[in-house]
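Here is a short briefing on one protein chain. Look at the sequence and the fold before you read on.

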Amino acid sequence: MKRGIVLLFVVVLVSTLDAQIIHDPNDALYRDIDLWAVQGYITESLPMVRPYPAQLLDVLLSQVIDRGSEAAGIKARRYRDAMLPGSRPVH
């Protein structure tokens, strides 16, 4: 019984770790945000410490969707859709 509970805990922990895209400071999202800031699609000054709060990421991605190229807008929409509640099993 104890072994089953530990196994269940490990499975839940592992399944939630890969769902945290915004919490990984080395994720491609942050490289793209840096690139978009250099290209002028983002007008906000970026904080020095990562990961950024979800609310700030929403603002930054919205700016890219509004001001960026078509390819940048599509990519930003994908990131934003992945951050929406309910888009992953655990958010």
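Predicted model: local features only at pLDDT ≥ 70, side-chain atom pairs only at ≥ 80, totals over all residues.

Residues are numbered from 1 along each chain as its sequence is written, and side-chain values use heavy atoms, with hydrogens and water left out.

**Overall fold**

- The chain has four helices and zero strands. Helices (H or I, at least four residues) and strands (E, at least two) are DSSP runs, numbered from the N terminus.
- Of the 91 residues, 27% count as buried. Buried means under 20% relative accessible area, exposed over 50%, and partly exposed in between (1.4 Å probe, protein chains only).
- Take contacts between residues at least 6 apart in sequence: 45% of them join residues at least 24 apart. A contact means heavy atoms within 4.5 Å.

**Nonpolar core**

- The largest nonpolar core has 17 residues. Such a core is a set of buried Ala, Val, Leu, Ile, Met, Phe, Trp, Tyr and Cys residues joined through side-chain atoms within 4.5 Å.
- Helices H2 (28-39), H3 (54-67) and H4 (70-83) each give two or more residues to this core. H3 gives the most, with six.
- Among the residues with the most contacts inside the core are Leu29, Trp36 and Leu61.
- In soluble globular proteins, nonpolar side chains tend to be buried together.

**Helix H3**

- H3 has 14 residues and reaches 20 Å from its first C-alpha to its last.
- Its buried residues include Leu57, Leu60, Gln63 and Val64. Their cover includes H2 and H4.
- Why does glutamine 63 count as buried? Its relative accessibility is 10%.
- Leaving aside neighbours within four places in sequence, glutamine 63 is in contact with Tyr41, Ile42, Thr43, Glu44 and Gly68.

**Salt bridges**

- The structure holds two salt bridges. A salt bridge is a side-chain nitrogen of Lys or Arg within 4 Å of a carboxyl oxygen of Asp or Glu.
- One joins the side chains of aspartate 32 and lysine 75 (3.3 Å, N to O). Aspartate 32 lies in H2 and lysine 75 in H4, so the pair ties together parts 43 residues apart in sequence.
- Aspartate 32 is buried at 10% relative accessibility, whereas lysine 75 is partly exposed at 36%.
- Aspartate 34 and arginine 50 also meet through their side chains in a salt bridge (2.3 Å, N to O). Aspartate 34 is in H2 and arginine 50 in the loop between H2 and H3, 16 residues apart.

How values were computed. Expected span 1.5 Å × (residues − 1).
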